[in-house]
Amino acid sequence: MSTLRRARYQFKAHPLTLDAVIAAAVLLCMISSAFAAPDGDHGVDWGARPPGVVSLLLMVLAAAALVLRRRSALAVLAATGTFALIECVTGDPRAPVAMAAVIALYTVASTTDRATTWRVGLLTMTVLTVAAMAAGPLPWYAQENLALVAWTGIGATAGDAVRSHRAYVRAIRERAERAERTREEEARRRVAEERLRIARELHDVVAHHIALVNVQAGVVAHVMDRRPDQAKEALAHVREASRSALDELRATVGLLRQSDDPAAPTEPASGLGRLDELAGTFRNAGLPVQVARADQDTELPAAVDLAAYRIVQEALTNAQKHAGTGAKAEVSVVRVGPNIEVSVLDDGAGATGATGTGGGHGLLGMRERVTALGGTLTTGPRYGGGFRVHAILPVQTRAGAERKPV
């Protein structure tokens with residue numbers, strides 16, 4: 001079995017050698033058939049009517065032409081068909097030179113299209129059969145003349161079947177390769193989306209709490225000597241903000257490390273249910289925040305609830321950092337038809353810095369969150385000063401958009 005496999009690989013690597021072997025086999029078959037008389041007194045008689053020199057020459061030339069059948073199938077068919085035509089008209093007794101033409105016709109059918117196969121096959125069949133019947137030495141109704149129709153038809157049909165099978169196998173292989181590429185692209189896309197989602201979560205958590213720590217640290221440095229009680233209160237807020245940041249980071253990183261389903265969280269997930277608590281952290285940091293809700297206690301999907309919370313968190317963080325001293329912020333959550341609308345406004349004189357032109361990713365992360373859920377986000381300076389963030393989120397998310405929050 002290994003010898004056959006090696007021989008097959010050698011023939012695939014050297015197709016001209018394979019064609020030479022096939023041509024030699026066809027020549028052997030033609031010569032053997034030419035020396036055999038199937039209708040002898042005792043069955044098949046060998047050498048009863050040996051072929052002439054011209055017939056032997058035509059068989060050799062036709063077989064030699066088959067060596068080049070892969071390089072120029074139509075030219076080889078024309079050559080072998082011409083040799084077969086000459087033999088059909090002049091050969092007596094008849095030699096099977098048409099066998100080479102049938103092999104060439106098979107090659108044309110297996111390497112071209114079906115329309116070409118029909119045209120070339122009918123032409124070869126008609127020319128050889130009509131010539132043999134009209135000008136050959138045998139009667140027009142002789143079995144050898146009718147056999148030309150059968151053999152040329154078999155050659156064209158077999159070649160067309162092989163071509164169709166090759167095309168089918170090639171289509172299956174291409175479909176499998178395309179499916180494999182699609183799976184790889186989908187896997188890369190999902191990895192990129194997950195990395196982006198984790199980056200947004202980490203940015204929102206770190207930016208929010210570090211901003212609060214920075215503000216409270218500034219308060220401590222300012223009042224440490226004159227008002228130690230206020231400094232202790234500010235340090236307590238710093239400790240609380242840093243503890244919250246560590247807890248959220250630990251929860252996020254813990255989910256990434258776990259290979260099995262994560263255990264139930266020990267703290268409530270971030271969402272609009274913690275909006276008052278979030279506003280309280282900013283009030284403690286010196287940013288007055290008013291919260292107004294008219295969402296009628298709408299039950300939101302986890303993805304929408306988390307996105308709304310993070311949008312408010314990021315907008316208030318930007319206001320804390322950029323709005324300036326004495327600024328105030330307003331947060332509103334309103335249910336409007338099938339959507340939930342979240343707005344964060346501030347009146348700070350330095351609010352133009354909150355547009356994100358300084359190279360931050362806060363507004364970009366908010367926009368990505370909203371877009372992923374099929375909503376819209378509008379941000380920009382307010383008329384008369386300040387900054388506005390307005391997000392419209394659908395209460396019913398698209399299929400597959402809702403994911404388990406990190």
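1. Contact in this note means heavy atoms within 4.5 Å. Helices (H or I, at least four residues) and strands (E, at least two) are DSSP runs, numbered from the N terminus. Axes are lines fitted to C-alpha atoms, for helices over the stretch in contact, and angles run from 0 to 180 degrees between N-to-C directions.

2. The model is predicted: local features need pLDDT of at least 70, side-chain atom pairs count only at pLDDT 80 or more, and totals for chains, interfaces and linings use all residues. Residues are numbered from 1 along each chain as its sequence is written, and side-chain values use heavy atoms, with hydrogens and water left out.

3. Five strands form an open sheet of mixed pairing, in the order E3-E4-E5-E7-E6; two strands pair if DSSP finds at least two bridges between them. At the edges lie E3 (289–294) and E6 (376–381), each pairing on one side only. From one strand to the next, the twist averages 10°.

4. Within the sheet, E4 (residues 329–336) and E5 (residues 339–346) are antiparallel partners over eight bridges. Alanine 329 has aspartate 346 in E5 as its bridge partner.

5. Helix H9 (residues 275–284) packs on the sheet, where H9 touches E3 and E4, and its direction makes about 165° with that of E3. Helix H10 (residues 302–322) lies across E3, E4, E5 and E7 (387–394), running at about 175° to E7.

6. Elsewhere, helix H6 (residues 114–135) contains threonine 117. This threonine 117 is buried (under 20% relative accessible area, with a 1.4 Å probe and protein chains only), at 6%. Residues touching threonine 117 include Val108, Leu122 and Asp160, not counting residues up to four places away in sequence.

Note on methods: Buried < 20%, exposed > 50% of the residue type's maximum accessible area, 1.4 Å probe, protein only.
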